[in-house]
Amino acid sequence: VVITSICIFAYTKVDQAVNSMQSIDKKEIKQMVNENLSEETLTQLKDTLTVAVFGLDSRDGEIESGANSDVIIIASINNKTGEIKMASIYRDTCLKTGDDRYRKVNEAYAIGGPKKAVAVLNENLDLQIDEYITVNWASVATAINILGGIDADISTAEMKYINGYITETVNSTGIGSFQLKQSGLQHLDGIQAVAHCRIRYTDNDFKRTERQREVIGQMLSKANNIIVTVLPTLSTSFDTGDVIALGRNILKYNLSETSGFPFTHVEKTVDKQAFVFADDLTSNVSELHKFLYGTENYQPSKMVQSISEAVSQKMKRKEYSS
């Protein structure tokens, strides 16, 4: 009786937390099917949970739409082994975001929220995303604080910018912190870690996504007692059963590899905007499936091949090239 009572109480707490999450497009996303994928590909993906993670640079805390997703990560979770792989999609990557519209992929979330963002990733990358989760800076800072902070090596170049980001993040989230006094290996609180992830002027967006994956890796290794406190600040398609199933197997999960996408790319300014172009989207998508799912010699769909050709044509424009 005691054990049953504890289980019921735990389920009730998780259920309350999950139900408190903003859940626009929850059912729609769970029911979305990528019609471009073959039956063979869909069968291969059944053993893997594919999750899209969006991070919004939202000053007002809004996480459903209206803000670009400056963090886009595709995570594959092997249901049998617990192996997790993460690929950051560079926010300036030129992809198809609408009918005859080839723009930066991070605009998809601002246009139509998580449903649009997931649809764009599915179509352009031959994915079948099962779930999504969206966070803002307050969510990440709160989670890191609960976990007791993370360690990071702050370079001299980063010191020139990190304190400005700390102040801005404190003002936008209302979460307290303090500025750093020196570079080197340091233990960062939530706000400081978020500021570390946001720095982009010392190098480029490729390095910034690497910092983001490093922080997430530390968070995964320290995750504990986070569900009830942080879930109300998130938007996700996960339901109570999903969360409990994940929690039941949490000890077997391990982050094995991370990378950025496109793997091979060209930086170029077209139409007065700085883009990251896959030098060949078709081959990059093939490599993405090998990285996330271990699929050798994956043959992208006709849709991806068509998008690849359109992206290449845009990349070849000569005006404003750099």
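The following questions and answers concern a predicted model.

Trainee: In which order do the strands of the open sheet of 6 strands lie, and which are the edge strands?

Mentor: The sheet is open, with mixed pairing. Its order is β9-β6-β1-β2-β3-β10. Each edge strand pairs on one side only, and these strands are β9 (235-236) and β10 (254-261).

Trainee: Which residue in β10 stands opposite Ala87?

Mentor: Strands of a sheet can pair either parallel or antiparallel, through backbone hydrogen bonds. Strand β3 (residues 83-89) pairs with β10 in the parallel sense, over 7 bridges. The residue of β10 opposite Ala87 is Ser259.

Trainee: At about what angle does helix α11 run to β10?

Mentor: Helix α11 covers residues 281-293. It lies across β1, β2, β3 and β10. Its angle to β10 is about 175 degrees.

Trainee: Which strands does helix α5 lie across, and at about what angle does it run to β6?

Mentor: Helix α5 spans residues 137-146. The strands it lies across are β1 (48-56), β2 (69-78) and β6 (131-136). To β6 it runs at about 90 degrees.

Trainee: Is Ala193 buried or exposed?

Mentor: Ala193 belongs to helix α7 (residues 190-198). Its relative accessible area is 0%. The cut-off for burial is under 20%, so Ala193 is buried.

Trainee: How far apart in space are Ala193 and Ile144, C-alpha to C-alpha?

Mentor: Leaving aside neighbours within four places in sequence, Ala193 is in contact with Ile144, Ile150 and Leu188. Ala193 and Ile144 are 49 residues apart in sequence. Their C-alpha to C-alpha separation in space is 7.8 Å.

Key
Residues are numbered from 1 along each chain as its sequence is written. This is a predicted model: local features need pLDDT of at least 70, side-chain atom pairs count only at pLDDT 80 or more; totals for chains, interfaces and linings use all residues. Side-chain values use heavy atoms; hydrogens and water are left out. Helices (H or I, at least four residues) and strands (E, at least two) are DSSP runs, numbered from the N terminus. Buried means under 20% relative accessible area, exposed over 50%, partly exposed in between (1.4 Å probe, protein chains only). Contact means heavy atoms within 4.5 Å. Two strands pair if DSSP finds at least two bridges between them. Axes are lines fitted to C-alpha atoms, for helices over the stretch in contact, and angles run from 0 to 180 degrees between N-to-C directions.
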